[in-house]
Amino acid sequence: MQFGIFTVGDIAPNPVTGCTQSEAERISNIVRIARKADEVGLDVFALGEHHNPPFIPSSPTTLLAHIAALTERIILSTSVTLMTTNDPVKIAEDYAMLQHVAKGRLDLMTGRGNTVPVYPWFGKDIRQGLALALENYNLVHRLWREDVVDWEGRFRTPLQGFTSTPRPLDDVPPFVWHGSIRTPEIAEQAAYYGNGYFANHVLAPNFHFKPLVELYRERFEHYEHGTKEQAIVGLGGQGFIARRSQDAVNTFRPYFENYPLFRGTKLEDYTRGTPLSVGSPQEVIEKTLTFQEGFGDYQRQLWSLDSMGLPVEMALEQVELLGTEVVPVLREEMAARRKPGVPEAPTHESLVRAKYGDAEPRAPRPNPNRGDNLSGTSPYQDSDPEVQALFPQVV
């Protein structure tokens, strides 16, 4: 079971002090939070992608690459990469490069996001959002697995004899989670490829997303990747922790109740009816265990702990309490309750081992470049000789 945190990178006024972080401060503080997560033994740090104020993570690969250089063991992820408005070729190349930089400590969470104007900002039609998400990921999947790709679709120019570089580290692509909270087609796509499915279990009544998780599990089994219980599920969460329950409520209340998204909502009511966990470490543990009861055994639990204008010192305290007081107990309790045969979340190491066993992983070596993006018909010295790369002809 993997435990970690995700950030949307929002900037909001601190309702207690009236201060608002600058963009520079927020970027620096996200790095501090990620390093703290690594230090206290969390498994995952995930970063969203947004292209509008008050959010700052417009370039997740840049920030995650910097964090990779400053951390030792934590898996880095997105939450989410916009599969609708990014070019799938650029996604394949950028995240393969980041995978190399992070020495395999990377996976990818794809999604459509929740910002309507981002579509026209990047020249896309929101009415085609689902079709874009499905088609673009289908292409990324092939680009990471085939040395030479010929492809034609609806939403970008065709590819002829194309090789995405660099190839994934060890020729094993980053593991992909499909993030969705409203779309059965995305759950279907995740199941079709045997990828993970991530339901961000926030901003809705408790267990609201159970039907989508169940659909994904059923289709995962249908495509013969394993049983329903072996499907790879992740959940989001949101919380605030203090050693005493009432201290958590009193401290968090002004941040929650003054945040534009929750203004007019009473903290206790929202905590009671949704996955939001506010309280002592034991209370957060108990509420998280109900997720396992409701959704079944799953592989990844992430929390948002640094939003709503929380000062960085308070966010760092949250990460400390999560890593030292909450997660160790959850690891033990969830493992004890886990059914036999339920797999762990894939990692780069486990995927390499599954592909190669004890053999040496592939390390692609390009053929000499003679002016084209490929040399003759073979991009790499060990490419399948049956692969024929045919380039567009100048007429």
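Predicted model: local features only at pLDDT ≥ 70, side-chain atom pairs only at ≥ 80, totals over all residues.
Figure 1. Let us start with the overall view. The C-alpha trace spans about 70 × 45 × 40 Å along its principal axes. A compact globule of 395 residues would have a radius of gyration near 21 Å, so the chain's 22 Å agrees with that expectation. Of the 395 residues, 54% count as buried. Take the contacts between residues at least 6 apart in sequence: 71% of them join residues at least 24 apart.

**Figure 2. An open sheet of nine strands with parallel pairing.** Reading across the sheet, you will meet the strands in the order S3-S2-S1-S13-S10-S9-S8-S5-S4. Strand S3 (75–78) and strand S4 (81–82) stand at the edges with a single partner strand each, so one side of each has no neighbour in the sheet. Within the sheet, strand S1 (residues 2–7) runs parallel to strand S2 (residues 44–47), and four bridges join the two. Look for Thr7, which stands opposite Leu47 in S2.

**Figure 3. The largest nonpolar core, with 90 residues.** Ile5, Leu42, Phe45, Tyr216 and Leu322 are the residues with the most contacts inside this core. Helix H11 (residues 312–337) contributes the largest share, ten residues. A second, separate core has 17 residues, among them Ala12, Ala242, Leu267 and Met308. In soluble globular proteins, nonpolar side chains tend to be buried together.

**Figure 4. Phe45 and its contacts.** Setting aside neighbours within four places in sequence, the contacts of Phe45 include Ile5 and Thr7, as well as Ile30, Ile33 and Ala34. Leu64 and Ile67 also touch Phe45, as do Ile74, Ile75, Leu76 and Ser77.

**Figure 5. Val31 in helix H1 (residues 23–39).** Is this residue buried or exposed? Val31 has 9% relative accessibility and therefore counts as buried, the cut-off being under 20%. Beyond its neighbours within four places in sequence, Val31 is in contact with Leu63, His66, Ile67 and Leu70. Leu64 is 33 residues from Val31 along the chain, and their C-alpha atoms are separated by 8.8 Å.

**Figure 6. Two cis peptide bonds, one from Pro53 to Pro54 and one joining Ser79 and Val80.** Omega is near 10 degrees for the bond from Pro53 to Pro54. You can find Pro54 in the loop between S2 and helix H2 (60–70). For the bond between Ser79 and Val80, omega is about 20 degrees. Val80 belongs to the loop between S3 and S4.

**Figure 7. Positive phi values at Lys103 and Met308.** Most residues other than glycine have a negative phi. Lys103, in the loop between helix H3 (88–101) and strand S5 (107–111), has a phi near 55 degrees. Its relative accessible area is 65%, so Lys103 is exposed. Met308 has a phi of about 65 degrees and sits in the loop between strand S13 (300–303) and H11. With a relative accessible area of 4%, Met308 is buried.

Key
Residues numbered from 1 in each chain as written. Heavy atoms only, no water. Core = buried A, V, L, I, M, F, W, Y, C linked by side-chain atoms within 4.5 Å. Buried < 20%, exposed > 50% of the residue type's maximum accessible area, 1.4 Å probe, protein only. Contact = heavy atoms within 4.5 Å. Pairing = 2+ DSSP bridges. Rg over C-alpha atoms; globule rule 2.2 N^0.38 Å.
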